[in-house]
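Have a look at the sequence and the structure below before reading on.

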Amino acid sequence: MYVILVYDMKQQRVGRMLKLCRRYLHWIQNSVFEGDISEVKLTELLTKARAIMDEDEDSIILFKSRTQQWLEKQVVGRERSTLDSIL
């Protein structure tokens, strides 16, 4: 499945969440990730994310689609490339 994941974390947890999400998805903008992921890997990611986050203060929002082709993506301005997300 194709997902867009957005998180909002307190400052002290942002770095750990960033590193976790980068292991599973492509970083496209601050606190925003996208990519193809299996149901099993998504469950694994969310389990690890819950261990990092405080659910009373933090949040994750997931947008799911069967494939990327069912989602129209429009970027206004400079899009973060794969190379940028590595740096």
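The report below goes from the overall fold to the core, a helix, a ring pair and a few single residues.

**Ground rules**

This is a predicted model, in which local features need pLDDT of at least 70 and side-chain atom pairs count only at pLDDT 80 or more, while totals for chains, interfaces and linings use all residues. Residues are numbered from 1 along each chain as its sequence is written, and side-chain values use heavy atoms, with hydrogens and water left out.

**The overall fold**

The protein has 3 helices and 4 strands. Here helices (H or I, at least four residues) and strands (E, at least two) are DSSP runs, numbered from the N terminus. Going along the sequence, they follow the pattern β-α-β-β-α-β-α.

How much of the protein is buried? The answer is 32% of its 87 residues. Buried means under 20% relative accessible area, exposed means over 50%, and partly exposed lies in between (1.4 Å probe, protein chains only). The accessible surface of the protein comes to about 6300 Å², and 50% of that belongs to carbon and sulfur atoms. These areas come from the Shrake-Rupley method with a 1.4 Å probe, and for residues only the protein chains shown count as cover.

Contacts tell us how the chain meets itself; a contact means heavy atoms within 4.5 Å. Among contacts between residues at least 6 apart in sequence, 70% join residues at least 24 apart.

**The nonpolar core**

In soluble globular proteins, nonpolar side chains tend to be buried together. A nonpolar core is a set of buried Ala, Val, Leu, Ile, Met, Phe, Trp, Tyr and Cys residues joined through side-chain atoms within 4.5 Å. The largest one in this model has 18 residues, and M17, L25 and L45 have the most contacts inside it. Strand 1, helix 1 (11-24) and helix 2 (39-52) each supply at least two residues of this core. Helix 2 gives the most, with 5 residues.

Not counting residues up to four places away in sequence, L45 touches L5, L20, C21, Y24, L25 and I37.

**A closer look at helix 2**

Which residues of helix 2 are buried? They are L42, L45, L46, A49 and I52. These residues cover an arc of only 110° around the axis, so they sit on the same side of helix 2. The arc is that of the directions from the helix axis to the C-beta atoms. The buried residues of helix 2 pack against strand 1, helix 1 and strand 4 (59-65). On the face turned away from the buried side, you will find the exposed residues V40 and A51.

**A pair of rings**

Rings of Phe, Tyr and Trp (its six-membered ring) pair if their centres lie within 6.5 Å; planes under 30 degrees apart count as stacked, over 60 as edge-to-face and the rest as tilted. By this rule there is 1 aromatic pair. The ring centres of Y7 and F33 are 6.0 Å apart and their planes are at 20°, so the pair is stacked. The pair links distant parts of the chain, with Y7 in strand 1 (residues 2-8) and F33 in strand 3 (residues 32-36), 26 residues apart.

**Single residues side by side**

| Residue | Relative accessible area | Class |
|---|---|---|
| Y7 | 5% | buried |
| F33 | 0% | buried |
| G35 | 5% | buried |
| S65 | 17% | buried |
| E39 | 47% | partly exposed |

G35 belongs to strand 3. Leaving aside neighbours within four places in sequence, G35 is in contact with M1, Y2, V3, L25 and H26. E39, in helix 2, touches M1 and K64, not counting residues up to four places away. The C-alpha atoms of E39 and M1 are separated by 7.3 Å, although these residues are 38 apart along the chain.

Finally, a backbone angle. Most residues other than glycine have a negative phi. S31, in the loop between strand 2 (26-29) and strand 3, has a positive phi of about 65° although it is not a glycine.
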